[in-house]
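Please open the model in a viewer and keep both the sequence panel and the selection tool at hand. The tour below moves from one selection to the next.

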2 protein chains.
Amino acid sequence: LNSNNGINSSDNSFWQNLFAPNSVALIGASNTPGTWGFNIMWRLLASERRIYPVNPNVSEVRGKPAYRRLTDIPDSIDLAVIVVRASLVSAVLQECTQKGVNAAVVISSGFSETGEDGIKLEAEMVETARRGGIRIIGPNTMGHADTSSNVSTLAWTKEIPPGPVALIAQSGNLGNRIALQGINLGIGFSKFVCSGNEADLHFEDYLEYLGRDEDTRIITAYIEGLREGRRFFKLAREITIDKPIIVIKAGGTKESSRAARSHTGALSGSEAVYNAAFRQAGVIRVGGDDELNDVALALLHQPLPRGNRIGILAIGGGLGVVATEACEREGLVIAPLASVTIEKLNAILPPRWPHANPVDLVGIGPTVDNSIILSSLWALMEDENIDAVLLQAPVAIGTSFLSTTFHFNAEEIKVFDDGQKQNLDMLRKRAAECGKPVLVVTPVNDPETNDYLLRERIPVFTSPHRAARVLRHLTEYRGYLDANQS
Amino acid sequence: LNSNNGINSSDNSFWQNLFAPNSVALIGASNTPGTWGFNIMWRLLASERRIYPVNPNVSEVRGKPAYRRLTDIPDSIDLAVIVVRASLVSAVLQECTQKGVNAAVVISSGFSETGEDGIKLEAEMVETARRGGIRIIGPNTMGHADTSSNVSTLAWTKEIPPGPVALIAQSGNLGNRIALQGINLGIGFSKFVCSGNEADLHFEDYLEYLGRDEDTRIITAYIEGLREGRRFFKLAREITIDKPIIVIKAGGTKESSRAARSHTGALSGSEAVYNAAFRQAGVIRVGGDDELNDVALALLHQPLPRGNRIGILAIGGGLGVVATEACEREGLVIAPLASVTIEKLNAILPPRWPHANPVDLVGIGPTVDNSIILSSLWALMEDENIDAVLLQAPVAIGTSFLSTTFHFNAEEIKVFDDGQKQNLDMLRKRAAECGKPVLVVTPVNDPETNDYLLRERIPVFTSPHRAARVLRHLTEYRGYLDANQS
């Protein structure tokens, strides 16, 4: 038996129906722009599957014939998406049972989040669902998506590109912001679930499912409160051995804890207890959405560092100073260079380089010839005192920057660009081979150059503070794995 | 007499010649792409003034006849920009004296930053300059710019838009990154100086000059070490009463302090001493480039809050929870709502709104009708318990988001857009009138929407943590002014 309700856990077909349905009914589909029923219809029609709008007041929705009731649909239905008002949801669930539907996404709000009447409605809805063997995402959810099966009930999120990151959010709006920021960084998602009120399926159910989901390599989450804390930490301990889990856990201060209680009824619990439990389960706890995506970006594209000894390579002393300070404040070590590295750099750099970490590429001047940068980078990566490199030098330059600042013509840009693509390939390959991550901190805030690096799967950060924080998380996670992997 | 050298301080014409020269000679001008002499020639030719390349080995540079020596130029010269190698700089300065030039930018490196020989060269250069009455930016500087006179010697920075923010950087590369990030946020600059080795003009000279510069309303800086600490803090105390000063002071940790010493020879000094001195002088100290630009953005477009009591308005409970936590962690107060505000919001929001701060716009659902958001915002701004508002709701939506997510056609977009422009005008006006800043935290990470808000001069931040940090700085600065303004 599942821990949270009486449904036989051996029937797991509802997962398939939630995340890869062949046919979907949208109960409350609408032709009115700006409504959930309208926007979700758009989303559903973006995939190839069979979609059936249900609405007794219209004859068709976006070219599809509308049905008065779910039970009128002359086809089997795998997933019911429900956007009707709260008081009608239980009746729709009864029709689901008649129709043999065992999976539903209840978008409708107006349940336990609204007070006593809503709590009663929600209890009634859960009771109906359990009697009928229906598993539910929501209610009061902003939807869910699976990029592998190409299903989405996310009315207000733009199309999500596929990738190995899963996201479970106990707030639809915040989940949306996290996902959209991730998309801007080139991060792709396997599954995205806004868990809503978690009246039936709990955060822990999604976590368990994603733990065994083959499309998911990294799990990210926004948590306000855990209904099954013990189960969460047991699952997390098992999962983090194979897949990193990155979480924002909110409500850690007095007023935010009160606000969380008012939002989802979640009890945020003690900060110290949560921190200790996260640490013991190998969960990476981050402070906010920026940091969550930063860590995911690094985990996606770079290996974990064996330790916390950082080599810094910078085109300019000031960049090196600030990056050094940022690393030290995160508890990282600015590694002394091995003597063989100093010899190598002596052969590459002019005599007046500082002969120490951070390595200032002083004297190479502004240049588009990045062979000196790359040779110096290889030297640092080969240094046995160094576990990871923070790089603040142009390993790639966006094409419009080349044209406006270096006055390159189209032919010159092409030749140069081919070269830098090869360099970035080599960088990725060498990082993987030696097991040392290279994080780039943009030396110049040129959005086009940053996008270029992200497209080439090189993690890039707009400040050394952000990169240093990521390095701390990677280091701690690697330390956890070393201590716990068999 | 100036504190740092023997030049009569009553002759201040060199400032005019540095920042608004009518004629400029570039000694070391070059036709070779990728060199300083090539790129600075491009920059100089972007303005209308008289530009004279000096290079004995070529007949012309970018269409301008080249002169063998500075003294061959048949015109008076206001500013000499010098990019020849270090060992030749003193000779060029002697020609400056012959030619009556009293202002020079010495881009050339290879001076005190390189060791003993360089230290001797630099001392010799300063001696030559002082004998000849020449004031110098640099050496080893990445250049300077004045957008009012439209002069720039910044070889590697894209064109800087005009505006009221000045930047003094003790690292050219870091200054560049700060400036370019600011430009991405729509920040405009009055002057930008990379102070280089500060062999002649010190950081404090620039600060004094910018304190009385009419084009400058906000002064920002990257500092590794102060040569005239006492003078800095005396000046800062005077200036911050009228113009905020925002600084990054690096080298506050063991290894970063060592790195700073190796970079510019700067002694970083004790963290505690610096922090106390900054506080006593009303200087806003920030942790990095992101934060520097965030604070500048808010100071540019919004009033200072009278206190630290924050009202939070969010479209979604999770957004409110996270913003509340971020504010509390910065020592800000989540203000209890006045009863009159609760009454106002009762009339605007559905009954189940949380009746407390943070105000969750629950139940308004996704909408492009932002009248509810605005009415709620005005109610919070009128609340006597609230000094500033952190807003996480769509007060504006970018046009492509309207088209892809709300399925608006071109005509609908136009009508909607006119309306939201008027709303933003009103927001700015009301914030100024009631003296309460409104900082927007993007509810959706849509770059186009963020750019839209920035163009409309509404400060927008990608996370509540960044906004909360800005609010702390604004609050502390206002507190300083209240205690120190007469």
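Contact here means heavy atoms within 4.5 Å. The model on display is predicted.

**Stop one: the nonpolar core.** Begin by selecting Leu391(B). With residues up to four places away in sequence not counted, Leu391(B) touches Leu313(B), Ile373(B), Leu377(B), Val438(B), Leu439(B), Val440(B) and Val441(B). Next, widen the view to the largest nonpolar core, which holds 292 residues. The members that touch the most other members are Leu18(A), Phe232(A), Leu377(A), Leu391(A), Leu18(B), Leu377(B) and Leu391(B).

**Stop two: a histidine in chain B.** Select His144(B), which lies in strand β8 (residues 144-146) of chain B. Is this histidine, His144(B), buried or exposed? Its relative accessibility is 0%, and His144(B) therefore counts as buried, the cut-off for that class being under 20%. Now display the backbone of Leu18(B): the side chain of His144(B) reaches the backbone oxygen of that residue at 2.8 Å. Neighbours within four places in sequence aside, the residues in contact with His144(B) include Leu18(B), Phe19(B), Leu79(B), Val105(B), Ile137(B) and Phe192(B). Val151(B), Ser152(B), Thr153(B), Leu154(B) and Val193(B) are also among them.

Show chain A and chain B together.

**Stop four: the interface.** Select the residues through which the chains meet: 73 residues of chain B are in contact with 72 residues of chain A. Because 99% of the interface residues of chain B are also interface residues in chain A, the copies meet through the same surface. Between them, chain B and chain A bury about 5,500 Å², 57% of it on carbon and sulfur atoms.

How many salt bridges are counted between chain B and chain A? The count is three. One to display is the salt bridge of Arg352(A) with Glu113(B), in which the closest N and O atoms are 4.0 Å apart. Across the interface, 28 residue pairs are in polar contact. Several helices of chain B, including α2 (36-45), α5 (172-184), α8 (254-264) and α17 (464-484), each supply at least two residues of the side that touches chain A. The largest share of that side, nine residues, comes from α11(B).

Move to Gln392(A), placed in strand β18 (residues 388-392) of chain A. Gln392(A) is buried, with a relative accessible area of 0%. A polar contact of 2.9 Å joins its side chain to that of Arg177(B). Beyond four places in sequence, Gln392(A) also touches residues of chain A, among them Leu313(A), Ala314(A), Ile315(A), Val441(A), Pro443(A) and Pro464(A).

**Stop six: a loop in chain A.** Finish at Ala66(A), in the loop between β4 (64-65) and β5 (79-82) of chain A. At 17% relative accessibility, Ala66(A) counts as buried, because that class covers values under 20%. Apart from neighbours within four places in sequence, Ala66(A) is in contact with Pro53(A), Asn55(A), Val58(A), Ser59(A), Glu60(A) and Val61(A).

Terms used: Residues are numbered from 1 along each chain as its sequence is written. Chains are lettered from A and ligands numbered from 1 in the order in which they are written. This is a predicted model: local features need pLDDT of at least 70, side-chain atom pairs count only at pLDDT 80 or more; totals for chains, interfaces and linings use all residues. Side-chain values use heavy atoms; hydrogens and water are left out. A nonpolar core is a set of buried Ala, Val, Leu, Ile, Met, Phe, Trp, Tyr and Cys residues joined through side-chain atoms within 4.5 Å. Buried means under 20% relative accessible area, exposed over 50%, partly exposed in between (1.4 Å probe, protein chains only). Helices (H or I, at least four residues) and strands (E, at least two) are DSSP runs, numbered from the N terminus. A polar contact is a pair of N or O atoms within 3.5 Å; within protein, one must be able to donate a hydrogen and the other to accept it, and residues adjacent in sequence count only if both atoms are side-chain atoms. Buried area is the accessible area (1.4 Å probe) that two parts lose on being put together, summed over both. A salt bridge is a side-chain nitrogen of Lys or Arg within 4 Å of a carboxyl oxygen of Asp or Glu.
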